[in-house]
Amino acid sequence: MSRPLTFAQKVLERASGESGLEPGMIVDAYPDLYMSHVASWRCIRTLERMPGRTLFAPERIAMVMDHLSPAQTSKTAEHHQLCRAFAREHGIEKFWDVNAGIAHLVLMENGHVLPGQLIIGTDSHSTIYGALGAFGTGVGFSEITATWVTGKLWMKVPESLRVEVDGPLQLGVFPKDVMLSLIGRVGADGATYCSVEFHGAWAQGLSVSERATLCNLSMEMGAKNAVVPADETTVAYLAERGVAADAYDPTWPDPGATYRETIQIDGRELVPQVACPHSVDNVRPIDEVAGSALDQVFIGSCANAKYDDLAQAAAILEGRTVASGVRLVVTPGSRQILTDAVNSGIIATLLEAGALITNPGCGACAGDGGVMADGERTLSTANRNFRGRMGSYESEIFLASPATAAASAVTGRITDPREFIPASRADVEVVA
Amino acid sequence: MTADTHAAATRSRRAGGPCITFGDDVNTDVIIPGRYLVSIDPVELAAHAFEPLGEEVQRRLLSAKVVVAGRNFGCGSAREQAATALLGAGIEAVVARSFARVFFRNAINTGLVAVECPDAVAAARDGDAVSVDHGSGEVTVEGRRYEFAPYPPTLSAILDAGGLLPYLAGAEGAQR
């Protein structure tokens, strides 16, 4: 038998047509899908400066108008207009307008992310596609433009890290807490240029939505991509979206493949975690920051605004109200998630508690609405807390799970969600 | 700087001048805040580069030619404008202990020299004369020489062309 390979080696060997790839080698790889979000207009403007160029594979181009939506300035409106016209002119079928939601979630929900694929996106959190067993990685807009016309892109073969988590987690502790703890432990560059593979019974027991949180947050330790290997959960998720198992070719790492490191996490003793300003690796157990006063709570982003995230928040907010003087902004990740949350009554629960529900999209995570004044503090379910990301350079962002966000919205202070979770309610049914 | 003089500067394989120094984990929201990404013009972007760190840092940036930084420079988003904003501010090279991977890609692909050279970073003080020769793999700090591993040929060719898109244009020309 040939030598055992990691997930990254196998995907890149297939996508480049080369064999014998080792970490550090640079290859030209042919991605299966090229995602561009609000940056699409920059790709189009760049393409216009390359006269005579044609598109290599229009069916591999996906555009989703998510970061600044709907347009609040005429300049943004012009950018959207440019993208719509381009999609029409070039027959880009994978085009979603400002009503769709966050690109990553929209592509996954619509069955366009498949196990074993190589996917590039103009967004660092493209690592999220590993939730469906794909190799997703962020690139710049010039790279997307270059791939539009050539179909290929230079890629370095990454080293791989193996992460094994022992479960189950305590009630009130979630995959977000696992990831914050991991990022705090290895640091913001702990996985730079690495492919992160999540292995073990705990990860394989997670829903696709929960896997998305793992793979999304892996970016915050510098990962090139992250993956939970495809299994029955993956197959079932895709089947529900009309994608049959014979429509894709899953890629699994070989037993005995070479990893730079194996990181073991004991999830059983883990408590809720909070990333403090102004870096994602500035992580504390919740008891060290509990009681800090808040001005705003934001439940949104590609990390934690999926259906089960909203359900966890609603379970705590049901029959309670948001603290006086605190703004609770809820931005569902996609139109599908919003629809499901309306139908199940979650949105009504959140509204009754005093939440402001915004249109699906990136919203306040990208500083698009819900920004802060000098001296204000937000606790957010997003994946980044850099200075000035949500408004004033003199404001602060804390990151935590949706349950911690909901508990904190009720008290107006950073609060351990376990204070609000009776045993009978903690195990919220996961629909996503 | 015009696109032509910029391309010429990178083709010479040597960049340099006074440096501005930063610590670890400088993120892309600090390099260019998200609210300015409605532009791709290097000069417009440069006016807001490092705005969260205050006007004094912004002034020093404009008189510098080289950014010297610690670990994980450019961590955070995939915004290519983080590299473009530095080019617009007249920065020709970034020397760091290490780079976040998307920033590194964006630097190479926009023609901004980005090299990892921890010894040079340890030696450099704010305002020191720093030069980078990505052809020979050498950084100098006030005349003292430090080596780094030269780029693989593919990356070197992109940088020599002045970025990914000029590189592609050149490759197409060569095929004709």
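Let me begin with the contact between the two chains, which takes 41 residues from chain B and 42 residues from chain A, contact meaning heavy atoms within 4.5 Å. What we have here is a predicted model, in which local features need pLDDT of at least 70 and side-chain atom pairs count only at pLDDT 80 or more, while totals for chains, interfaces and linings use all residues. Residues are numbered from 1 along each chain as its sequence is written, chains are lettered from A and ligands numbered from 1 in the order in which they are written, and side-chain values use heavy atoms, with hydrogens and water left out.

Chain B and chain A bury about 3400 Å² between them, 57% of it on carbon and sulfur atoms; buried area is the accessible area, taken with a 1.4 Å probe, that two parts lose on being put together, summed over both.

Three salt bridges are found across this interface, a salt bridge being a side-chain nitrogen of Lys or Arg within 4 Å of a carboxyl oxygen of Asp or Glu. B:R71 forms a salt bridge with A:D189, and their closest N and O atoms are 2.8 Å apart.

Turning to chain A itself, we find an open sheet of five strands in the order β4-β3-β2-β5-β6, with parallel pairing; strands are DSSP runs (E, at least two residues), numbered from the N terminus, and two of them pair if DSSP finds at least two bridges between them. In chain A, β4 (94-96) and β6 (135-138) stand at the edges with a single partner strand each, so one side of each is left without a neighbour in the sheet.

Key
Helices (H or I, at least four residues) and strands (E, at least two) are DSSP runs, numbered from the N terminus.
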